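Please read it alongside the sequence and coordinates shown here.

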Amino acid sequence: MERTIYREIKATPQILQLAALLGLFILAAAASILYVEHHGHIVTGMNNEIVWGLPHVFAIFLIVAASGALNVASIASVFGKTPYKPMARLSGLLALSLLAGGLAVLVLDLGRPDRLIVAMTTYNFKSIFAWNILLYNGFFVIVGAYLYVQMARSMPYSVIRVAGTVAFLWRLVLTTGTGSIFGWLVARSAYDAAVMAPLFIVMSFSFGLAVFILVLSLITRLTDRSLGPKLIARMGRLLGIFAGLVLYFTAVQHLTNLYAAEHGSVEAFILRDGGIYTQLFWVGQVIIGGLIPIALVFHPTGGAKPASTIVASALVIAGGFSQLYVILIGGQAFPLEIFPGFDVSSSFSDGVVNAYSPSYLELLLGLGGVALALAITGFGMMVLRILPTNLSDANVGQS
Amino acid sequence: MKRLLVSLMFLVGLAALPALAGGPVIPKASGAPHAEGNEYWRINHMQLLKHDRDETMRLGDRDIQASLKECVTCHAVNGDDAEPVSTASDKHFCRTCHDYVAVKIDCFSCHNSKPETPKQALMRPDTPDSNEIAAYLKEAAE
Amino acid sequence: MKLPALNFDKKPTEMNRRDFLKSGGAVATLTLAPGVTLMAFGGDAEAQADPGKRWGLLIDVNKCAKDCNACVSACSTENGWGQEGHGDKGAQWIRKVDLKDKATGRESSLPMMCQHCENPPCVDVCPTNASFKRPDGIVLVDKHKCIGCRYCMMACPYKARSFIHEDVTDQKAHAPRGKGTVESCTLCVHRVDTGGTPACVEACSATGHGAMMFGDLNDPDSEISKALDNYPSVALRDDLGLNPGVRYSNL
């Protein structure tokens, strides 16, 4: 096994075309933001019932995936698994860029994005949202430092290990915080649950690794650098375990709710009567995002093929979006139970399932965030020594 | 290199041109003048507004010096229809100065920039400022 | 304000009339000055948010008429909302809710607005402290600090909050509201601070139904406290432990 050589990627015509495509998406998102900020959120069709829409689905996916993308580096630095060590730098960079993309979408969807400075300087420490803002900023600093110590010459391994451990613990707190944004909302039947925090942690493991696998496969193909099938298959099996964990915590969440009579109606809504939400839950989250990827990567013969892992990753991402759509929008669509035992109706949509139709403005904003994350990753790989030249199986340790 | 420097300095010089026009033309207000004087208020009005708004908002104290409601009442400027203008018009009192210094005003996205009871505001058309009077006198002297 | 100089060097026996008048003037000014200063800068003590008070509403559901919208119209006129013409996408500070008991089929109707909780979840979750509770119990949004994140709207169990989706003009001077911020019922704080009652309560009395009562929950002698003492009332979503300032009787 030779020493790992990291080298900047060259800007081939193909990569430049991809960069141009990403740039187009970013520009489209910018246009959407200017339009919405100028005219107000009414142009997206937002009502007062479902206030966190498609942009939040994208933003939270990116933020959760950011935390999980750092997993590969944690497995390398904290748990000492040699095959993952060459990928640790990309893992750090991807974590930073995914978080940047997610936060960009989140901040630009605010009613008053010009007041970001207020949000960053005035804190209500009782609010988990405020804590999240601090945790996200801290994540940038800590992962930045972690990336630096990995790339600095002759840095003792103990320093890298400490940085990696701090980053690992920080992102566990951060993802717990992200899950608690929903878990601590007592008002809504779909959210008020302690299991939200661990659910989000395993979601981060799953989505983050899926995004990492796809980005790594794509960039090694574009730059003609080798990526060993055994390494991919190993990551694929890990992804399968994480996807299984997501299914487990989802099952715990819903079974617990089903047992409590007071939550029966929201469970019936999500699991049976919710229309689009029910479809997205069963078909999107459970089958496409859970069962099929697990079957693909653990298949006795097909599982070893790189294609299985790559397809599984894409399916996990699709399932992740479905899951977040159900959590976020399904949770808001279900009416608040203010008067138990009564049928209610009012001029303010009490007692009815709230309608939501995503607008293309919101979709553009979300996609712009994804494009931003990928663009930052690509740019980082171009100017910094992030990507190893040789990730073939012969080159990577087998521990 | 020399040509670059010269053209840069020329551009900078162009930017200074508005200052030669003599500053913004600020409409006169109705009501009693501020005890501390105009300069004090020009410099400190944001501090006073922010402090007093927090007193009103958080503590319910409505007997304050810098009440935005009173500001727009005394400083109302009438448009062509003899009604006070809002910040949509560049004749608005706040805009005459804020447009000149290019500082965006955030207050009026929520607050009404016109007095609520315009009949209470002194209906006074724009009074000519000292430059215009001087120019007129100079003309008359000729 | 410049106080006339006091001349302490002269012995009392040597004081002439001018000095006496001067000292009298000084004493009078000194006595009056604190009062004048208090009025100029301190204001009437009752006009401030008094921590000893807790403002609340008591709504008698029996007296609320199904087809009456007086409270809603009065609120929208008083505070300048509802004219944007967006139906359910528009803001609503107060709304009439029609109820039908699933078990008995009895129909009733009541107004719902911000419940001005003692432990407001909206205040807990606001990242910038824009959503806050005044010392006298009124829960408000400080729109100077609101970043429009809508987390308070997610957290409110009563759906009391509305988001302003577009530019607003011609706001009422006592009820500023603007695009991109969140708003809700202010319990007509601009009226309460000068000793008045909320517009909805006034309008309800004017129709003759008298279903809404406003008062100081901390004052045992107020009409509302006596009513709460003598008649059963409930808080909505009592199980959440928020202790709202708005209570409903005969629900």
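## Chain C

Of the 251 residues in chain C, 45% are buried (buried: 20 or more other C-beta atoms within 10 Å of the residue's own C-beta, with C-beta atoms placed from the backbone; exposed: 12 or fewer; partly exposed: in between). The model is predicted: local features need pLDDT of at least 70 and side-chain atom pairs count only at pLDDT 80 or more, whereas totals for chains, interfaces and linings use all residues. Residues are numbered from 1 along each chain as its sequence is written, and chains are lettered from A and ligands numbered from 1 in the order in which they are written.

The secondary structure of chain C comprises 7 helices and 9 strands (DSSP runs numbered from the N terminus: helices are H or I of at least four residues, strands E of at least two). Among contacts in chain C with a separation of 6 or more, 59% join residues 24 or more positions apart (contact: C-beta atoms, placed from the backbone, within 7 Å).

## Helix α2 of chain C

Helix α2 (residues 70–79) of chain C is largely enclosed by the rest of the structure, because 7 of its 10 residues are buried. The buried residues of α2(C) are C:A70, C:C71, C:V72, C:A74, C:C75, C:E78 and C:N79. Their cover includes β2 (94–101), β3 (107–113), α6 (199–207) and β8 (212–216) of chain C. After α2(C) comes C:G80, with a positive phi near 75 degrees.

## Contacts between chains

Two pairs of chains are in contact, and chains A and C share the most contacts. Here 39 residues of chain A meet 45 residues of chain C. On the chain A side, α5 (116–121), α6 (128–151) and β3 (342–346) each supply at least two residues, and β3(A) has the largest share, 5 residues. This side of chain A divides into 20 nonpolar, 14 polar and 5 charged residues (nonpolar: Ala, Val, Leu, Ile, Met, Phe, Trp, Tyr, Cys and Pro; charged: Asp, Glu, Lys and Arg; polar: the others, Gly among them).

The contact of chain B with chain C takes 14 residues from chain B and 19 residues from chain C. Helix α3 (residues 38–59) of chain B gives the most to the chain B side, with 4 residues. That side has 3 nonpolar, 4 polar and 7 charged residues. Chains A and B do not touch, and their nearest C-alpha atoms are 10 Å apart.

## Helices of chain A

Helix α1 (residues 13–39) of chain A packs against helix α13 (residues 360–383) of chain A at about 140 degrees, with axes 7 Å apart (axes: lines fitted to C-alpha atoms, for helices over the stretch in contact; angles run from 0 to 180 degrees between N-to-C directions). α1(A) is therefore oblique to α13(A) (roughly parallel: under 35 degrees; roughly antiparallel: over 145; roughly perpendicular: 65 to 115; oblique: the rest). Residues in this contact include A:L22, A:F25 and A:A29 of α1(A) and A:L364, A:G368 and A:A371 of α13(A). They divide into 17 nonpolar, 3 polar and no charged residues.

Helix α11 (residues 276–298) of chain A has a kink of about 45 degrees centred on A:I287 (bend: the angle between axes fitted to the seven residues ending at a residue and the seven starting there). Buried residues of α11(A) include A:Y277, A:F281, A:G289 and A:P293. Among the elements covering the buried residues of α11(A) are α9 (229–259), α10 (264–273) and α12 (306–333) of chain A.
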